[in-house]
Amino acid sequence: MSTQAVMRALRKNKTLRYGVPMLVLIVGGSFGLREFSQIRYDAVKIKIDPELEKKLKMNKVSLESEYEKIKDSTFDDWKNIRGPRPWEDPDLLQGRNPEILKTKTKTT
C-alpha cells in the first residue's frame with residue numbers, strides 16, 4: 001500500500017475527520033473551564049490593603065441611606081424629557097433654545 005492510498009483512506013474516515021476533533025474540543029474545553037473557574041476562587045483569596053478597606057467601609061452607601069435622602073423631596077416640578085434621536089439636535093429637542101426651535105419647525 002502506498003502512502004497516497006493511506007492518506008486517502010484517512011481522509012475518507014469520518015471518525016478521524018469529525019469525531020477526533022470533537023473529542024479534543026470537549027476534553028480541552030473541560031481543562032480550559034477548570035482554569036477559568038479557578039481564577040474566581042483565587043481572586044477571593046487576595047488580601048485588600050487595610051487603609052483601602054477602611055475607606056471603603058466609610059464610604060459605604062446603603063439603600064436605606066439613599067431612601068432617607070429622597071423621601072421628603074417632592075417631584076411636582078419634574079418634567080419628562082425625551083432623548084434625541086440620532087438625526088435630531090439635542091439642544092433643540094430639550095428646549096434649551098426655543099427661538100431656534102420655532103424657526104426650524106416653520107422652515108421644515
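1. The model is predicted, and confidence should be read alongside the features discussed below. The mean pLDDT of the chain is 80, with 84% of the residues scoring at least 70. Confidence is highest in helix α2, at a mean of 89, and lowest in helix α6 (residues 98–107), at 57.

2. Helix α2 covers residues 14–44. Its 31 residues should span 45 Å at 1.5 Å a residue, and this agrees with the 46 Å that separates its end C-alpha atoms. At the start of α2, a side-chain oxygen of N13 comes within 3.1 Å of the backbone nitrogen of T15.

3. An unreviewed UniProt entry lists residues 15–33 as a "transmembrane region". In the model this stretch is 100% helix and 0% strand, and its end C-alpha atoms lie 25 Å apart.

4. How much of the chain counts as buried? Of its 108 residues, 1% do. The accessible surface amounts to about 10,900 Å², and carbon and sulfur atoms account for 61% of that area.

5. The structure contains 4 salt bridges. Side chains of opposite charge can pair when their charged atoms come close. One of these bridges joins E66 and K69, at 3.1 Å from N to O. Both residues belong to helix α4 (residues 63–70) and are 3 residues apart, about one turn of the helix. E66 counts as partly exposed because its relative accessibility is 34%, whereas K69, at 59%, is exposed; the cut-off for exposed is over 50%.

6. A further salt bridge links the side chains of E68 and K71, with an N to O distance of 3.1 Å. E68 is partly exposed, with a relative accessible area of 45%, and K71 is likewise partly exposed, at 41%.

7. The side chains of E88 and R85 also meet in a salt bridge, at 3.9 Å from N to O; the cut-off applied is 4 Å. R85 has a relative accessible area of 40% and is therefore partly exposed. E88, at 22%, is partly exposed as well, since buried requires a value under 20%.

Terms used:
Residues are numbered from 1 along each chain as its sequence is written. Side-chain values use heavy atoms; hydrogens and water are left out. UniProt positions are given in the numbering used here, feature names are shortened, and annotations may be inferred rather than shown by experiment. Helices (H or I, at least four residues) and strands (E, at least two) are DSSP runs, numbered from the N terminus. Buried means under 20% relative accessible area, exposed over 50%, partly exposed in between (1.4 Å probe, protein chains only). Accessible areas come from the Shrake-Rupley method with a 1.4 Å probe; for residues, only the protein chains shown count as cover. The expected span of a helix is 1.5 Å times one less than its number of residues. A polar contact is a pair of N or O atoms within 3.5 Å; within protein, one must be able to donate a hydrogen and the other to accept it, and residues adjacent in sequence count only if both atoms are side-chain atoms. pLDDT is the predictor's confidence in each residue, from 0 to 100.
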